[in-house]
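Here is a short report for a reader new to this structure. Take a look at the model, then read on.

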Amino acid sequence: MSMPFYVSPEQMMKDRADYARKGIARGRALVACTFADGILLCAENPSRTLRKISEIYDRIAFAGVGKYNEFDQLRIAGVRHADLKGFAFSREDVDARSLANQYAQMLGQVFTHEMKPMEVEILVAEVGRSAGDDQLFHILYDGTLIDESNWCVLGGAAEDIDTRMSRVFQPGGTLSDALSAAVEALAGPERTLDATQVEVAILDRGNGRRTFRQLDPEQLSELLPDAADATSGPASASEATQPTADEQDPPALEGGQAPVS
Amino acid sequence: MELPRYTGITGDTPPDPGPDFAALAKRAGLTFPALSTPIDTNLSVAHGTTCVAIRYADGAIMAGDRRATSGNLISHRTIEKVFPADRHSGVAIAGAAGPAVEMVRLFQLQLEHYEKVEGSQLSLEGKANQLSQMVRNHLPAAMQGLVVVPIFAGFDKARGEGRLFQYDVTGGRYEEHNYASTGSGSLHASTVIKLGWRPALNRDSAVDLVLRSLIEAADEDSATGGPDVVRSVYPVVATISVDGYERLTDDELSDRVSQIYAALAHERGLEQ
């Protein structure tokens, strides 16, 4: 008769956290940041159809990195929660803070009670009536909820991107400034990303009731004139040999990214 | 909030509602149960009346008067019966005002919910069928006197033209090619439109035609309210074109209504 091995709770939680972090770090990253007229969400994503960024409600957007099927489940749960709440009460009663709390509960529950933690990191963003009221809630695989200001990075190599973002990001800039900063931070010093390699959506304060707006490659090319020039330069030659984010070794997520249970 | 599980295929109950908001709301207990007893005829239930929709060169135009009646009484003078369903379609309703407005609210949410969950919009035909199902589901209440009959109009982006759909209480859905109308004054309104309608009317002529039809309906039908110049209450008129649903401003309507009244007076030899 085989005896089950004793595994200490600390070890068990650590193993789960490592498992989730490795899964998340394999994927491409995503940056969200505020700008004068709203919030920009920018993900490295070559697919035009499988989205990482989507609309939850009038002023709320969702973004996820990691395992697609897992964050997509969370996305649908969020849309349902928001639409039911808006239907039962009023549209203005739907807010990102309560939604982020629900997500945190859900992820925390799965992390401690299910066989496998969710390999996802998600963001719930709400555009305020004025620039000071914009909210970014970053939720980790174990349910840790972080209230970020100005910008927030999710996914693989988050720390490097965060460092680059802190260098290039200027609060209160235009959409074009914010987009350039986000794309530059995502790409890093050795690559350039063009309009077809990123998925971008904004929560636009001036867009009426439904503030969410997806930007198509043509709009992106207009907003990213430098990148369009750069791709025809020497950078594009080195791009072919550049490994994609999926093939890179999973970078360690430490320091600021350490989960707080 | 719970994680959605697509259990519909495996036959578990209740099946996952997928992108269907009405089913989700029902599962969450947010919809009203069907009435088991007939409505007391002495109860005063507000009824909305005349709405029309026509096709014009750039798409479709919808219009509705502003009156709601309870029996012989005018219960509201500023009720609205024409609503945007989403960016490129609109819905107008006649019948019991309470259930009608509730149906519109659910329909609007249904379209938005589908778009968000699925990541793409329903086709115009799909939207028209959704409304058909909602009217069909309302049939038990309609049998008890709370009839709701909508018209649906939209700009079909795939075809590049406006389309109109008319309904009956059983959820029957009929596509109309030129114009559609609903409500107690619809007979009079549609006669005016029938005489004045031409293929590919421009926006101005089309707006004047729907306004004229509502003025004439109000003239013949006590439950339909005409433009109220004293209180500055004008019919709700909206154009639906490739640019989306757009409601006309009261200023524009005020100008047009006074021109129509002047023309009517002129026709009758009563120069002002």
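Ala61(A) stands opposite Ala125(A), a residue of S5(A). This is a predicted model. The two strands involved are S4 (residues 60-66) and S5 (residues 120-126) of chain A. Seven bridges link S4(A) and S5(A), and the pairing is antiparallel. Strands of a sheet pair through backbone hydrogen bonds, either parallel or antiparallel.

S4(A) and S5(A) belong to an open sheet of five strands. Its order in chain A is S3-S4-S5-S6-S7, with antiparallel pairing. Which strands stand at the edges? They are S3 and strand S7 (145-148) of chain A. Each has a single partner strand, so one side of each is left without a neighbour in the sheet. From one strand to the next, the twist averages 25°.

## A helix across the sheet

Helix H3(A) lies across S3, S4, S5, S6 and S7 of chain A. Take strand S6 (135-139) as the reference: H3(A) runs at about 5° to S6(A).

Now turn to strand S2 of chain A, residues 38-44. Is S2(A) enclosed or open? Seven of its seven residues are buried, so S2(A) is largely enclosed by the rest of the structure. Here, buried means that 20 or more other C-beta atoms lie within 10 Å of the residue's own.

S2(A) pairs with strand S1 (residues 30-35) of chain A. Six bridges join S1(A) and S2(A), which run antiparallel. The two form a hairpin, with two residues between them. Within this pair, Ile39(A) of S2(A) has Thr34(A) standing opposite.

S2(A) also pairs with strand S9 (residues 198-204) of chain A. Seven bridges join S2(A) and S9(A), again in the antiparallel sense. Cys42(A) has Val200(A) in S9(A) as its bridge partner.

## Where chain A meets chain B

How many residues of each chain are in contact with the other? Chain A has 15 and chain B has 14. Three elements of chain A each supply at least two residues of the side that touches chain B: strand S3 (53-57), helix H2 (68-88) and helix H3 (96-113). H2(A) gives the most, with 10 residues.

What classes of residue make up this side of chain A? Seven are nonpolar, four are polar and four are charged.

Technical notes:
Residues are numbered from 1 along each chain as its sequence is written. Chains are lettered from A and ligands numbered from 1 in the order in which they are written. This is a predicted model: local features need pLDDT of at least 70, side-chain atom pairs count only at pLDDT 80 or more; totals for chains, interfaces and linings use all residues. Two residues are in contact if their C-beta atoms, placed from the backbone, lie within 7 Å. Helices (H or I, at least four residues) and strands (E, at least two) are DSSP runs, numbered from the N terminus. Ala, Val, Leu, Ile, Met, Phe, Trp, Tyr, Cys and Pro count as nonpolar, Asp, Glu, Lys and Arg as charged, and the others, Gly among them, as polar. A residue is buried if 20 or more other C-beta atoms lie within 10 Å of its own, exposed if 12 or fewer, and partly exposed in between; C-beta atoms are placed from the backbone. Two strands pair if DSSP finds at least two bridges between them. Axes are lines fitted to C-alpha atoms, for helices over the stretch in contact, and angles run from 0 to 180 degrees between N-to-C directions.
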